[in-house]
Amino acid sequence: MSRFQTTLLACLLSCATLPGATITVSPNGNDANDGSPDSPVASFTRARELIRQLKTQGASPLQVVVKPGLYRFKETFSLTKEDAGTPEAPIRWIAEKQGTARILGSTDIPKEAFQNVTDPEILKIIDPQAAPNILVADLHKLGFPKQSEMQAKPWAQLTEVPELFFENKRMQLARWPDDDWTTIEKIVDGGSEPYGRNLKPDEIRGGTFKYKEDRPKRWNVDRGVWVRGYWCFDWAEDVQKVQSIDTVEKTITMEKPSTFGLRQGNPSPRRWYALNLLEELTKPGEFYIDHKTQLLYFWPPAKLDDARVSFNTLRGLLVNIDNTANILWKGFLLEESNQGINVNKSENITIEGCEVRNMHNNGITVYGNKNNKVLSCDIHDTGTGGVVIGGGNRKTLEPGNSLVENCHIWKFSIHKLTYSNGITLSGVGNAARHNEIHDAPHMAVGLGANDCIFEYNVVHHVCLAADDSGALYKGRNPSLRGNIVRYNLWYSIGKPMGHGVAAVYFDDGDVGETVTGNLFFRCGDPGRGSFGTVFSHGGHELVADNNVFIECKRPLGSAPWGFEHWKKMIDGDLWQTRLLKEVDITKPPFITHYPTFQGFMDPKPEDLRVSHACRNLFVMCAEEKSGNWILDDSNWSTSEDPGFVDINKGNFNFKENAIVFRKIPGFKPLPVDKMGLYACPERPVVNKPKWDHEPPKQLLPIKKVTAKPAAARKNPNPPTWQVEKTTTPPTIDAIIKPDEWNKADTMQLQFNYNGKDIPKNRQSQAWITYDDDNLYIATNNQFDPETKLDGNQWGRNDAVEIAIRPPKSKTIHVIRGYGNGYLQYGVTENATSDPLAQEPAPIQFAANRTQNDAWTTEFKIPFEKIGISKGKLPKCAFNITVRKSIGDFWCMWEPTLSNSYNVDAAGFIVGK
């Protein structure tokens, strides 16, 4: 036996006789040491070995104390079943001084490796003004792993990009524009739409769009150009490789289609920027890697001198805690890797007082059994999300009792701009409380769970670049319910972009949730639809109770589904799987735990699908609600101060004699001072967000523009338009080709809404055809040459509206296509009520300004979308209206004398 082995054995035997033992780790240690404070080991892996040996000797409690310094992980550090503690004596892994033991997944690049750029071919590429500042380093000679060409990935997946850091700050991959987006001038070819389809290889086609600026003239497609954009919707972005650039026509064609194609899916202009371009390395802090030469080009933001420049080399987890129990991980700083900490199939794991930053992916992910906690951590500058927390059993509804508490989470969703949440709550019976979440382009909280609680949090400055979004989002699975959102402060959520933004968004048929005791200040935007600060799309059985809304345009919004759509969802594969196979809501424990699931799978037309609001205070709001919210007399709206301590300086506690207590009997003051972070040993100082907002003011009513609404009426002599069936469906490109439409008769759109003729040079024409699956409609529209096709608001901007109601249906489907390519879809069962906004996909639409005084459109409307069976087009109530803002014309097939979609006052179409 060697001298070292003899000494170690003696140490272990000695430790085993003690009530517990500590292993010390130091960057100056040696793994040949015994791990005592005076003889520390150097690595976490060696400390783990010693702890395992001590466990076999019966020593308890056990802990590892890590001294300040840098610890570079070349591979994931794992704790498994062998590393478990006991409930009475968890094994503790703790930093000696909080935040000073730094765990990194990166490798430093020595300053000597950087040289001035001298290659004449490269100097031709680099911007001349930037060239003197750019340095180059050979990653291959430095022994770094080979960097491959960037691989674009579709929506909902993370595109891998290289990560370079300078003095602990992430550097920017060279891009244009440097700091913002540019916009698409015109969609030339929308390309394929892969979502929900199995496209054949010859059907896969990237989109083409026109750009405005001259900058792309400098780019070399052979070297590689990538573009990131919101290509269709403002809740879905991805990166695409460029196939070609036509600098004469100013068009860019992408190599592959985006998930939803290149479309005008939301009102705002389609946004994009180019990235990973040597030509655009134009400012301090930018870098570029040539994957062919393995050369790194970098413009340092400051002098190199003693600065630390590092490159992410660990593409996996820093710490993986798997299939174990009773571990405390405390006080560490984890940075510059793919992901910080992952906990899986474990229980009683506590992550406390850690900082996780500069991750390519999530900060901390906790899936698994129960009683796991993430406490008083700071998570920021992550490529995707902050903290994912789960646990519990959905089939039995056994709670997980896991928790995220007192965590500060900010600047997340850097590489994946949508659906990358600050906190994701899943499972059953878990909670997030007393956290602060802010500064992100999309959502703050993703909720997909049963019986979870989100409480005492502060959420602000999120949804800053997204539309049709919510700071807290949940949807598409009614079996997930029973969640409570209470006692939170929400402010500065979203910005007007056209479709609408909410603070709390229950989407696609979500039911059975409670929002109570929240304070909402300037949250959300109703857009051009029915959005509200608390918003329900398609769902019901929600409760909004005892909330305070201050200067929110529409506090409560909803876009309810009609019976036919609801029944279709119930019978569809998605909900059949989620409601009867993943769990079974018709049997215990679901049917007993959620009694209103009785009869859920067999809805009736007469069922009342509504949500309820009581004891809410609306202060200086524009309007209270939309859709199926039922507000009883306990709610109160006021344009005055209802009794806050200081409404102008953001002190929203109530005075004891506040008038709100007289106006709303039973109203409970909100626990404002308890919302957000709190001081504790791991967070000794709490800096509350500075309140520098303008004092609230009364909002004006939300304007609505319609075609001179009047009472619905019946047309005593409705015409019927015979529609020819086609065997060669038209291509939806807004180019009306004779061979596509030659069998269709020309429908003249010549009447104003009041029955008067419209001048011939301002009339429109329409063509209609169909096949077994779709209805096709084209229009040609003459208008005033001064018209600008740049808006997305019905009544104010030029657009084509199609209104159709299938036989034996109460639902009128309203489809509106605008001159800028934007598509809207809504439904109503009352021709005097505004259509409730719905998702327009898979309807297809294209618009094209063919000349100075005319523009054309083409629509493809799937029968399934509008409740029609495949085969022959049945007799449907119908109308077409073209809004022409200059001249104030509502150019119709049949004049309605009322709302344009009042199909009862128009006519019918039927297939021949």
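Is asparagine 780 buried or exposed? Select it in this predicted model. Asparagine 780 counts as buried because its relative accessibility is 17%, and buried means under 20%. The residue lies in strand 62, residues 774-782. Show its contacts: they include Ile736, Gln763, Trp767 and Trp855, leaving aside residues up to four places away in sequence.

Next, select glutamine 763. This residue sits in the loop between strand 60 (747-749) and strand 61 (764-770). Glutamine 763 is buried, at 6% relative accessibility. Its side chain reaches the backbone oxygen of isoleucine 758 at 2.8 Å. Among the residues it touches are Gln748, Asn780, Lys884 and Cys891.

Now the rings. The whole structure holds 61 aromatic pairs. Select phenylalanine 521 and phenylalanine 652, a tilted pair at 5.7 Å centre to centre with 35° between the planes. Phenylalanine 521 is in strand 48 (residues 519-523) and phenylalanine 652 in strand 58 (residues 651-654), so the pair ties together parts 131 residues apart in sequence. Both are buried.

Move to phenylalanine 654 and phenylalanine 661. Their pairing is edge-to-face: 5.9 Å between centres, 70° between planes. Phenylalanine 654 is buried at 13% relative accessible area, whereas phenylalanine 661 is partly exposed at 28%.

Then select the cluster linked by ring pairs; Trp155, Tyr195, Phe233 and Trp235 are among its members.

Finish with two arginines. The charged end of arginine 175 sits over the ring of tyrosine 273, 3.5 Å from its centre. Arginine 271 lies over the face of tyrosine 230, 3.9 Å from the ring centre.

Notes:
Residues numbered from 1 in each chain as written. Predicted model: local features only at pLDDT ≥ 70, side-chain atom pairs only at ≥ 80, totals over all residues. Heavy atoms only, no water. Helix = DSSP H or I, 4+ residues; strand = E, 2+ residues; numbered from the N terminus. Buried < 20%, exposed > 50% of the residue type's maximum accessible area, 1.4 Å probe, protein only. Contact = heavy atoms within 4.5 Å. Polar contact = N/O pair within 3.5 Å; in protein donor to acceptor, adjacent residues only side chain to side chain. Phe/Tyr/Trp six-rings, centres within 6.5 Å; stacked < 30°, edge-to-face > 60°. Lys NZ or Arg CZ within 6 Å of the ring centre and 35° of its normal.
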